[in-house]
Amino acid sequence: MKTPTEAKQATESSYTPDNQVVVSLRHLIDMQYKACSFRFASPHMINSLMMGRHRSRMRGRGLNFEELRHYRVGDDIRNMDWKVTNRTRKPHVRVYAEERERQVMVVIDQRASMLFGSKRVMKSVAAAELGALAAWRTLDAGDRIGAVIFSDNHIAEIRPHRSRTQIMRTLSVLQEYNQSLLTGVTPSMAGQPQANNGEQLNHILNKLNALAGHDMQICLFTDLYGADTTTEKLMATLSQHNDVLLGFVYDPLEGELPQGGTMAVSDGGLQLEVNTRDKSLRERYKAFFDQRLDHARKFLRGYGIPVLPFSTHEPVDVQLAQMIEGV
């Protein structure tokens, strides 16, 4: 029987060079060049990916002038605008919106349900690419980057910090979790095989509610496997004091069945045969997917949570650029 290290090495030798099934560390590092090309200039993208440095709700002395108003008890006398005060005969102060560093938490789903893809890449690879884009963009903006990477059984938590070393650590852990989808075990936690765990999503959201605190940017990249009404409540709670973005990763085959005759479908445990010639079946299948996404959008929109759908059939950076251009 092979040791976990030997199993990992054997699997690595079969990895595809084009990062379709599993992703390499080199590929995640190279995503920095694609991340640097984005410019989030539109004010409508303020709740979007990695908005960069932010004008805070706190007021104080800073570089960005906010407003001129009447003096109030407790205002800093150093901010007094004497010219306006002399002209109006009433004390006025200059108020500034200070610029402050933000913490960004990238949350990346690497469960067994993500190991699916019908054309370009697996959902797990697309989510990993999005996580890398988010991490590099955050560093480029001068903010602190942290991460929560989770499989069906394990969770890797990386506290926010601003450094390239932090990015490399995050990407290394991400590669490990991604490649473990083929080995069946996470190398650093060997001996525990992966299994579909729909409850893990809510467990992660509970954990984020305990970790996040206030004024954090949280970017969650997942296929929403296991999502239910509790998921919606946890997302709503998380968004009360933080900016939350949901990147919904999907494969087009999940939304529309091809007309391929009788097909065998399996979740890794159970298997059944589906007659895709049945038009009503294909219509119900598509309607179920559309309703699922539409429901998530409508609910989360009420809490100011953007839902960005990312298909596995197109490069994620191209899709993101199109979303920004369409704002």
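**The sheet and its surroundings**

Reply: Happy to! This is a predicted model. It has an open sheet of six strands in the order β6-β5-β4-β7-β8-β11, and the pairing is mixed.

Me: Which strands stand at the edges?

Reply: Those are β6 (155-161) and β11 (307-311). Each has a single partner strand, so one side of each is left without a neighbour in the sheet. From one strand to the next, the twist averages 15 degrees.

Me: And in what sense do β4 and β5 pair?

Reply: Strand β4 (residues 103-109) and strand β5 (residues 144-150) are parallel, with seven bridges between them. Asp109 stands opposite Phe150 in β5.

Me: Which helix lies across β7 and β8?

Reply: That's α7 (residues 229-239), which runs at about 145 degrees to β8. Helix α9 (residues 279-301) also packs on the sheet, where it touches β8 and β11.

Me: New topic: is Thr222 buried or exposed?

Reply: Buried, with a relative accessible area of 0%. Thr222 sits in strand β7 (residues 216-222).

Me: What does its side chain make a polar contact with?

Reply: The side chain of Thr222 makes one with the side chain of Asp109, at 2.7 Å. Beyond four places in sequence, the residues Thr222 touches include Arg111, Met114 and Phe248.

Me: What about the largest nonpolar core, which residues touch the most other members?

Reply: Trp136, Ile149 and Phe221 do, out of 40 residues in that core. Helix α4 (residues 123-141) gives the largest share, ten residues. Apart from this core lies another of 26 residues, including Val107 and Leu208.

How values were computed: Residues numbered from 1 in each chain as written. Predicted model: local features only at pLDDT ≥ 70, side-chain atom pairs only at ≥ 80, totals over all residues. Heavy atoms only, no water. Core = buried A, V, L, I, M, F, W, Y, C linked by side-chain atoms within 4.5 Å. Buried < 20%, exposed > 50% of the residue type's maximum accessible area, 1.4 Å probe, protein only. Helix = DSSP H or I, 4+ residues; strand = E, 2+ residues; numbered from the N terminus. Polar contact = N/O pair within 3.5 Å; in protein donor to acceptor, adjacent residues only side chain to side chain. Contact = heavy atoms within 4.5 Å. Pairing = 2+ DSSP bridges. Axes fitted to C-alpha atoms, helices over the stretch in contact; angles between N-to-C directions.
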